[in-house]
Amino acid sequence: MKINQFNSSEKILHYTNKIDYFINSYKTLIVTELDLTNKCNHRCPGCCGNNENNAELSKEQVEYVVENLREMDNKGVILSGGGEPTISPHFEYAVKLLKNAGMNIGLNSHGMNLNDDKCNLIANNLEYFRISLDAGSPEMYFKIHGMKPHHFKQTLDNIEKFANIKQKLNSKTSFGVGFLTSSITQEDMESFVKLVKERRADFAQFRPFTGDTLDITPKIKYLRDKYEDSNFKITASYQKYNNMQEEKRGYDKCHGMFFSTCISADFKVWACLHFRQSQKHFLGDLREQSLKDIWQSARIREVYNNIDCSKCPILCRNDSFNKTLDKLKLDITNSEFL
């Protein structure tokens with residue numbers, strides 16, 4: 001059972017060729033967050049997606065994106081949002097195209113729209129699948145997802161459905177259920193773990209709401225001691241929890257934007273998934289430029305030089321490997337004496 005350890009600061013060092021491209025301004029892209037649609041049938045009060053418009057990639061646009069990602073030697077694609085990826089009419093087509101192009105695929109979903117066909121597709125093609133439940137009770141589910149008790153039950157049933165299909169197919173897809181931690185949700189952490197373990201997911205994953213600095217690592221340790229076994233793990237974005245009290249980032253450039261990007265459902269490319277639709281973070285429109293042209297453009301350098309990292313959300317996705325990459329620019333005395 002392969003479970004993501006969320007150690008981005010170490011993972012980035014694995015891609016020595018991409019770091020060389022970074023130094024020489026070439027094709028650096030490793031992972032892309034791809035929004036197939038902005039449509040979503042949940043009503044999360046704290047939604048960080050882009051559901052103010054109903055943009056949706058066409059079949060032809062999906063084909064173009066995949067071909068561009070292949071040309072950039074992109075390694076992984078996260079289908080997320082935006083909106084809810086599984087309600088895109090081209091969800092199945094996109095998964096098959098990406099898989100045939102040799103890219104590894106992850107999926108973040110609210111899990112309410114699963115059926116047998118989607119479960120089989122996911123289990124046969126994806127590296128990881130995470131359902132965002134974020135609650136251990138119908139009451140908390142309503143607070144976080146804005147949905148009713150029968151929707152909560154339906155999602156729990158779908159978690160169990162996918163676990164059964166995964167087992168039947170002997171699938172290697174890493175299957176977990178996510179929980180966003182905050183002062184509001186912390187009371188549901190244990191009941192959440194119980195529900196997830198009972199339905200035989202591979203792991204429960206904790207991560208903080210963007211901008212929330214509640215440190216729940218002692219609680220996670222308690223839950224791991226009580227509920228983990230050989231078939232069920234509890235994991236977390238530990239680098240984020242460990243860095244919550246840092247006063248300074250330690251870097252002033254978002255180096256990570258060259259390695260991790262976001263393509264939104266309106267066919268545009270952004271420097272950061274946290275700033276979809278922010279003109280300061282706009283890299284290019286795929287109606288007008290290829291991804292390769294965008295990466296070689298003056299615009300990407302302009303964005304890189306003008307992003308004010310002090311205004312970025314704490315614990316952003318790029319934070320941990322920004323700290324690692326920032327060391328590349330240090331002036332080292334006697335570097336030949338390791």
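**Exercise 1. Find which residues of helix α9 are buried, and on which side they sit.**

Solution. Start with the burial cut-offs: buried means under 20% relative accessible area, exposed over 50%, and partly exposed in between (1.4 Å probe, protein chains only). In α9 (residues 217–227), the buried residues are Ile220, Leu223 and Tyr227. These three cover an arc of only 65 degrees around the axis, which puts them on the same side of α9; the arc is that of the directions from the helix axis to the C-beta atoms. Now look at the face turned away from the buried side: Pro218, Lys221 and Asp225 are exposed there.

A word on the ground rules: this is a predicted model, where local features need pLDDT of at least 70, side-chain atom pairs count only at pLDDT 80 or more, and totals for chains, interfaces and linings use all residues. Residues are numbered from 1 along each chain as its sequence is written, and side-chain values use heavy atoms, with hydrogens and water left out. Helices (H or I, at least four residues) and strands (E, at least two) are DSSP runs, numbered from the N terminus.

**Exercise 2. Work out how strand β6 is covered and which strands pair with it.**

Solution. First, burial: six of the six residues of β6 (residues 203–208) are buried. Phe203, Gln205 and Arg207 lie on one side, with Ala204, Phe206 and Pro208 on the other.

Next, pairing, which requires that DSSP finds at least two bridges between two strands. Strand β5 (residues 174–181) runs parallel to β6, joined by six bridges, and Phe179 stands opposite Phe206. From β5 the chain crosses through helix α8 (residues 189–198) to β6 in a right-handed β-α-β crossover; right-handed means that, with the strands pointing away from the viewer, the path from the first strand over the helix to the second runs clockwise.

Then take strand β7 (residues 233–236), which pairs with β6 in the parallel sense over four bridges. Here Gln205 stands opposite Thr235. The chain crosses from β6 through α9 to β7, and this β-α-β crossover is right-handed.

**Exercise 3. Describe the surroundings of Ser137.**

Solution. Locate Ser137 in the loop between β4 (128–132) and α6 (138–145). Check its accessibility: at 15%, Ser137 counts as buried. Then look for polar contacts (N or O atoms within 3.5 Å; within protein, one must be able to donate a hydrogen and the other to accept it, and residues adjacent in sequence count only if both atoms are side-chain atoms). A polar atom of the Ser137 side chain lies 3.2 Å from the backbone nitrogen of Met140. Finally, leaving out residues up to four places away in sequence, Ser137 touches Phe152 and Asp188, with contact meaning heavy atoms within 4.5 Å.
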